[in-house]
Structure formats: C-alpha cells, structure tokens
Amino acid sequence: MLTAYAMVGVFFIVAIGFVVGALLLGRLIRPNRMYPEKLQTYECGEEPVGPAWFNFNPRFYIVALIYIIFDVEIAFIYPVARVFRSWVNQGLGWFAFVEIFSFIAVLLVGLAYVWLKGDLDWIRAIKGDPRGAQGVSARARAAAEPAPMDEAA
Amino acid sequence: MSSFLVALAPLLVVGLGGLLLMLGEAFAHRERGGSGPSADLAIGSFVTLAAGAVVAFSLWLVGPENLGGAAGVAPFLIIDRFTLFFDIVLCVGGALAALLAGGYLPEHKLDRGEFYPLLIFSTLGAMVLASAGDLLSLFIGLETMSLGVYALVGFRRGSARSAEGAVKYFLLGSFAAALLLYGGAMLYGATGHTDLAGIGAALRGGTLTGADYGLAIVAMVLVLAGLAFKVSAVPFHMWTPDAYEGAPTPATSFMAVAVKSAAFATLLRVLVSAFGDPASMSWGTGWPPVVALLAVMTMTVANLVAGRQESVKRMLAYSSIAHAGYLLVAVVALMTQPGIAQGSILFYLLAYTVSTAGAFGALILCGSRGKEAVSYEDLAGIGHRHPVAAAAFALFLLSLTGVPPTAGFFAKLYVVRAAIGGGFLPLAILLLLNSVVAAYYYLRVLVYMYMREPAPGAPVAAPMRSGYVTAALLICAAGVMLLGLWPTRSLELAIDAALAAR
C-alpha cells in the first residue's frame with residue numbers, strides 16, 4: 001500500500017530537485033551585471049507605464065462567469081444522458097427527467113437574472129459616464145443605476 | 001419516491017424562496033428615488049428563512065425517524081434531530097441578518113438586491129453542511145456557504161478595507177478547504193469510505209494496517225485544521241478580524257452566527273461519527289489533546305487581544321473567536337460525556353446566536369450614514385442620545401459576558417458543567433478566568449455608553465432609527481431573556497438533538 005505512495009514521493013523529490021538544481025546552477029555560472037533597465041518590471045518589452053493599481057473593465061470576466069453557467073450545465077447533464085436509458089428501464093424515467101429539469105431550471109434562473117440585470121449587454125452605461133450611453137437598453141440603464149455604493153466606507 | 005421531499009422540506013423551502021426572491025428582484029421595476037430593493041427583499045428573506053425554521057421545527061415535532069424518505073437521502077444528508085436543531089439555529093441567524101440588512105444597507109448606501117439571495121443561499125449551504133453525513137456533501141455544503149459569504153464580505157465595493165477582508169478570507173478559506181479536501185482524500189485512501197459512518201466503522205474495526213492507520217491520523221489532523229479555520233480557532237483565526245471588520249455589519253453578524261454554528265455542527269459530526277472510535281477519542285492517541293490545545297489558545301489569545309482593540313466591531317470579532325474557544329472546551333468534554341457535552345454546545349450556539357446577532361444589531365443602530373460607530377469614543381454618551389439602542393446593546397453584552405438572568409449565563413454554566421463532569425477541571429478554570437478577562441472589554445462598552453460624554457468638538461455619530469433593526473433586536477432580546485429565564489426546556493431539546501447524532 002505504502003509503496004504505491006512512494007512513487008508519488010519520488011516524483012515530488014525529483015520535481016523539486018529539478019527546479020532547485022536548475023536555479024542553483026544558473027546562479028553559479030551566470031554573470032551578475034545589473035543596470036537600472038534590467039531591474040525594471042518586464043512589460044512585453046515596453047517601458048512600464050503608470051502604477052499597477054488601476055481600474056480596468058471587467059466585462060470579459062462577467063462573460064466568462066456567465067459562460068460557466070452553460071459549462072457546468074453540460075458537464076452535469078452529460079452523465080445523466082449516459083445513464084438515462086437504464087433509469088427508464090428501472091421505471092425511474094420521470095424521476096430522472098424531473099430532477100435534471102429542475103437542475104436546468106435553477107441555472108436558467110441565474111441566466112434570467114444576469115440578462116435582466118443587463119450583464120449580457122456588452123456596452124453598459126455607468127452612472128456619470130456619458131460615453132456608452134447610446135445603444136443601452138432602458139432596463140440596463142435602470143439596472144446600472146442603483147450602484148452608487150462606492151462613497152460609503 | 002417523493003417522500004424524501006418531505007424530509008428535505010427545510011432545505012427546499014429556503015432554496016425555492018431564495019430563487020423566487022432573486023427572480024422577483026430581477027423583474028422589479030424601480031424608479032429613481034423610489035424605495036430600494038431592501039424594502040421588498042428584507043421582509044421576503046426574513047419570511048423565507050423563518051419559514052425554513054418553522055418547517056424544520058414541524059419536522060422535529062413529527063419526529064425525523066417517522067419520515068420514510070429520510071433514509072433515502074442518507075448518508076449524503078442525514079435528517080435527524082441534530083440536523084433539525086441546526087436548521088432552526090441557522091435559519092434564525094440568517095433571518096436576523098436579513099432584518100439587520102433591511103435597516104443597514106439603505107442607510108449606508110449599499111442597497112443592492114444581491115445581498116439577500118447571497119444570504120439565503122449561504123444559509124442553504126450552511127444547512128447542507130450541518131446535515132452532511134458524507135465528505136462529498138460536506139464539501140459541497142461548505143463551498144455553497146463560503147462562496148456566498150466571500151461575496152458578502154466584499155459587498156462594500158469601494159472600500160479598500162472591505163476588499164482586503166474579502167480577499168484575505170477568500171484566499172485563506174480556499175486554502176482551508178484544500179486542507180479539508182486533502183484530508184478527505186487521505187481518509188478515502190485509508191478506509192475506502194467517504195461517508196462518515198463508514199470511516200468510523202473502519203477505524204473502530206481495527207482492521208487497518210499500520211500504514212493506513214497512520215494515513216488516517218494525518219487525515220484527521222488535516223480535516224481538523226480545515227474545520228478549525230471555519231470556526232476561527234487560534235492559530236487559524238488571522239482572517240477573522242479583518243473579514244469581520246470589512247464586511248457590512250449584517251454580513252458580519254451572519255458570519256459570526258450562522259457560519260460558526262454550521263462549522264461547529266460539522267465538526268461535531270465528523271468527530272463523533274468518523275473519529276468516534278475509542279482510540280481516536282482517547283487522550284493518549286486521539287484528537288482530544290489537540291482540540292484542548294486549540295481551545296486554550298483560542299480563549300486566551302482572543303480575549304487578550306480583544307481587550308486591546310479600539311474598534312468595537314473588531315472587539316466583537318475577537319469576542320466571537322473567544323466564544324469558539326469556550327465551545328471547543330465542550331468539544332473536548334465529548335470524550336467522556338458525549339451527550340451532555342453535545343447538548344451544552346447546541347444550547348450555547350442557540351444562546352450565542354441571539355446574543356451576537358443582537359449585539360451587532362445594536363451596533364448598527366448606534367451609527368448612521370457615513371459615520372458607523374466603530375470606536376469606543378463613538379459610543380460615548382449614546383445612552384442619552386439613543387436609550388433604546390444602548391439598553392439593547394447592554395443586554396446583549398451582558399449575555400455575552402455571562403451575567404445571570406441572560407442566556408449567556410446558562411450557556412457558559414452548561415459548558416463548564418460538562419467540562420467539570422468530564423474531568424477537565426483545568427479547562428473549566430481557564431474558561432472562567434477568560435470570562436473574567438472578557439468582562440473587562442464588554443463592560444468597557446457600557447462605561448462609554450453611560451458614563452462618558454463625547455469630547456467637545458468631536459464628531460458625534462447620529463444614531464439611526466429603523467423598524468427592521470428594532471424588530472431584530474426585539475426578537476434577539478426575547479430569545480436572550482427566554483433562554484435565560486427558562487433554560488431547562490431548551491436544554492432538554494438540545495440534549496435530545498445531541499443524542500440523536502450518535
């Protein structure tokens with residue numbers, strides 16, 4: 001039993017030893033000539049501009065999060081589809097159907113929520129920001145409205 | 001086939017209520033300048049969670065052993081009196097937080113509808129956690145609860161302090177969950193079971209080889225560490241003050257009350273069902289010395305640090321850590337007095353829920369927009385400016401101290417009695433000494449409220465008035481007094497629930 005875990009242990013030791021060894025070897029044989037440009041933060045070859053703490057648009061993350069709704073849905077429906085026939089043969093077809101349907105319904109509630117809240121609109125109006133106000137549905141604007149929570153602290 | 005729906009009714013009621021409220025909020029048309037989401041959702045959430053508690057209580061009256069469907073969901077969800085007791089405690093904690101939010105969020109310009117569904121689904125996760133009898137459902141419940149709470153902590157989006165608390169809580173919480181999962185994987189490797197009863201049977205059977213037994217011991221330590229994080233026992237408490245301080249106060253109340261109760265529920269279930277064999281429960285070869293060390297550190301460190309805090313909210317955060325320490329003393333007493341110790345823990349959690357939620361509610365009433373009453377100085381003279389809030393705050397702090405006619409006194413009494421009866425006199429003495437230390441910082445609030453006046457020229461926090469918060473305070477005050485004046489009946493219920501878990 002324990003010998004099976006020994007493989008994992010050896011793997012870990014080799015992995016750690018590889019990294020440590022490579023870094024150590026590099027440290028021993030590389031020349032050490034530092035100048036200011038070398039010590040700068042690497043930013044794709046450009047000179048770094050401004051501080052790292054700034055606001056950026058989170059719309060990609062929102063879309064990625066919403067995508068997870070569908071992703072998880074597929075991941076969970078697939079096994080059900082796989083065993084559905086055997087459930088039908090056991091006389092539990094309706095049970096399985098209702099169960100998976102309520103699962104999808106719950107996820108659809110989440111989808112409906114983000115849709116109605118305007119999170120599926122690529123262009124959203126932010127309060128006090130005249131840009132992007134065109135092409136936004138009235139509902140999205142209304143949804144974006146009650147968000148003046150940032151001044152409280 | 002559908003009888004299991006009855007057994008799961010408390011969970012289903014809360015879950016469905018949360019979904020409906022979420023849809024209602026999404027379809028609601030709100031005019032600018034009109035009432036915010038809190039006006040509708042606070043009451044809705046309160047009703048949903050109160051309904052969950054009522055359904056759980058009616059299942060209690062029917063008797064979970066009479067429910068045919070309860071066996072159908074075991075071992076993933078165990079529906080017994082232990083579960084139902086915690087369902088009630090958790091729903092009460094969540095419902096009180098919803099009421100507090102109804103007053104707090106509009107006042108502090110945080111009025112967004114998301115708060116309430118997150119709160120309800122976190123409560124649902126906590127209920128699943130309390131009823132989980134399998135490591136898999138335990139983990140699902142834990143994550144459902146935690147994900148909602150992470151978001152609640154970061155709810156004050158513009159505040160750096162809130163973001164700091166949320167990120168800290170999220171990172172450390174994920175780490176603790178990973179420890180727990182790793183321990184679970186090892187337990188499965190050692191025993192071949194994921195259900196707690198099966199793990200317990202394998203350990204009790206004594207059929208494990210030496211290596212597997214060692215693996216199970218390591219797993220026990222990892223699981224214990226993961227759960228100690230959730231109950232915020234020292235040395236796993238580092239996130240607690242920051243997360244509690246950064247979160248909006250209703251969310252803080254929810255974390256201190258419901259999250260902690262659910263974590264204790266699952267800690268009890270894991271220790272009793274999975275690690276309840278004689279070897280694991282003995283002082284020489286099992287978990288009691290580890291838990292005793294945690295209890296001593298938690299009580300002492302938390303009380304000493306709490307006395308040095310200048311922010312009342314932070315003081316309450318450390319006080320909630322200290323209370324986890326007192327509860328861990330009773331967990332140690334499980335070793336020799338399982339029934340009485342569990343009963344005392346359950347009773348303590350009930351008393352602690354109403355006292356702590358009430359204390360946070362009173363703290364909300366003492367502050368207002370842009371000026372949360374955070375420091376002791378802010379509370380100076382509040383006894384004259386806002387007598388109701390001050391009186392309520394005093395009552396709940398006395399209960400947390402453990403002064404006789406309140407719930408906190410009997411809660412502490414039963415824990416001490418269980419510890420002494422179990423033969424842990426030093427732990428009981430330490431608990432009492434710590435209560436004396438705690439009285440210093442609880443009573444300090446009373447001194448500031450009634451005996452100090454604000455310094456001339458200092459900004460005075462205008463107290464707020466809110467029907468929601470007042471209602472929550474009334475419920476808590478009623479609970480504190482009921483449990484304090486007639487503790488016997490509820491202790492009997494708690495012991496009933498405790499015995500059912502074995």
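Is Ser232(B) buried or exposed, going by its C-beta neighbours inside 10 Å? Select Ser232(B) to start. It counts as buried, because 28 C-beta neighbours lie inside 10 Å. The cut-offs are these: a residue is buried if 20 or more other C-beta atoms lie within 10 Å of its own, exposed if 12 or fewer, and partly exposed in between, with C-beta atoms placed from the backbone.

Before moving on, note that this is a predicted model, in which local features need pLDDT of at least 70, side-chain atom pairs count only at pLDDT 80 or more, and totals for chains, interfaces and linings use all residues. Residues are numbered from 1 along each chain as its sequence is written, while chains are lettered from A and ligands numbered from 1 in the order in which they are written.

**Stop 1: the loop between H10 and H11**

Stay on Ser232(B). Ser232(B) is in the loop between H10 and H11 of chain B. Helices (H or I, at least four residues) and strands (E, at least two) are DSSP runs, numbered from the N terminus. Check the backbone: phi of Ser232(B) is positive, about 50 degrees, although the residue is not a glycine. Most residues other than glycine have a negative phi, and most peptide bonds are trans.

Now select Val234(B) and Pro235(B). The peptide bond from Val234(B) to Pro235(B) is cis, with omega near 5 degrees. Pro235(B) lies in the loop between helix H10 (210-230) and helix H11 (239-246) of chain B.

**Stop 2**

Go to Lys109(B). This residue is in the loop between H5 and helix H6 (115-131) of chain B. Lys109(B) counts as partly exposed, because it has 19 C-beta neighbours inside 10 Å.

Next, Pro106(B), found in helix H5 of chain B. Pro106(B) is buried, because 20 other C-beta atoms lie within 10 Å. Not counting residues up to four places away in sequence, Pro106(B) touches Gly36(B), Ser38(B) and Asp111(B). Contact here means that the C-beta atoms of two residues, placed from the backbone, lie within 7 Å.

**Stop 3: H5 against H20**

Show residues 81-107 and 467-485 of chain B. These are helices H5 and H20; their axes come within 7 Å and cross at roughly 150 degrees. Axes are lines fitted to C-alpha atoms, for helices over the stretch in contact, and angles run from 0 to 180 degrees between N-to-C directions. H5(B) and H20(B) are therefore roughly antiparallel (under 35 degrees counts as roughly parallel, over 145 as roughly antiparallel, 65 to 115 as roughly perpendicular and the rest as oblique).

The crossing of H5(B) and H20(B) is left-handed, meaning that the near helix is turned anticlockwise from the far one by less than a right angle; clockwise would be right-handed. On the H5(B) side, pick Leu96(B), Leu99(B), Leu100(B), Gly102(B) and Gly103(B). They meet H20(B) residues including Tyr468(B), Ile475(B) and Cys476(B). By class, this contact has 9 nonpolar, 2 polar and no charged residues. Ala, Val, Leu, Ile, Met, Phe, Trp, Tyr, Cys and Pro count as nonpolar, Asp, Glu, Lys and Arg as charged, and the others, Gly among them, as polar.

**Stop 4: H14 against H18**

Switch to residues 312-333 and 407-421 of chain B. Here helices H14 and H18 pack at an angle of about 35 degrees, with their axes 8 Å apart. The crossing of H14(B) and H18(B) is left-handed. Tyr326(B), Val329(B), Ala330(B) and Ala333(B) in H14(B) face Lys412(B), Val415(B), Ala418(B) and Ala419(B) in H18(B) as contacts. The classes are 7 nonpolar, no polar and 1 charged.

Select Lys313(B), also in helix H14 of chain B. Lys313(B) is buried, because 21 other C-beta atoms lie within 10 Å. Beyond four places in sequence, its contacts include Tyr244(B), Glu245(B) and Val374(B).

**Stop 5: the nonpolar core**

Finish at Phe393(B). Together with Val332(B), Phe393(B) has the most contacts inside the largest nonpolar core, which has 203 residues. Such a core is a set of buried Ala, Val, Leu, Ile, Met, Phe, Trp, Tyr and Cys residues joined through C-beta atoms within 7 Å. Helix H15 (residues 338-366) of chain B gives the most to this core, with 19 residues. Leaving aside neighbours within four places in sequence, Phe393(B) has contacts including Ala359(B), Leu363(B) and Met449(B).
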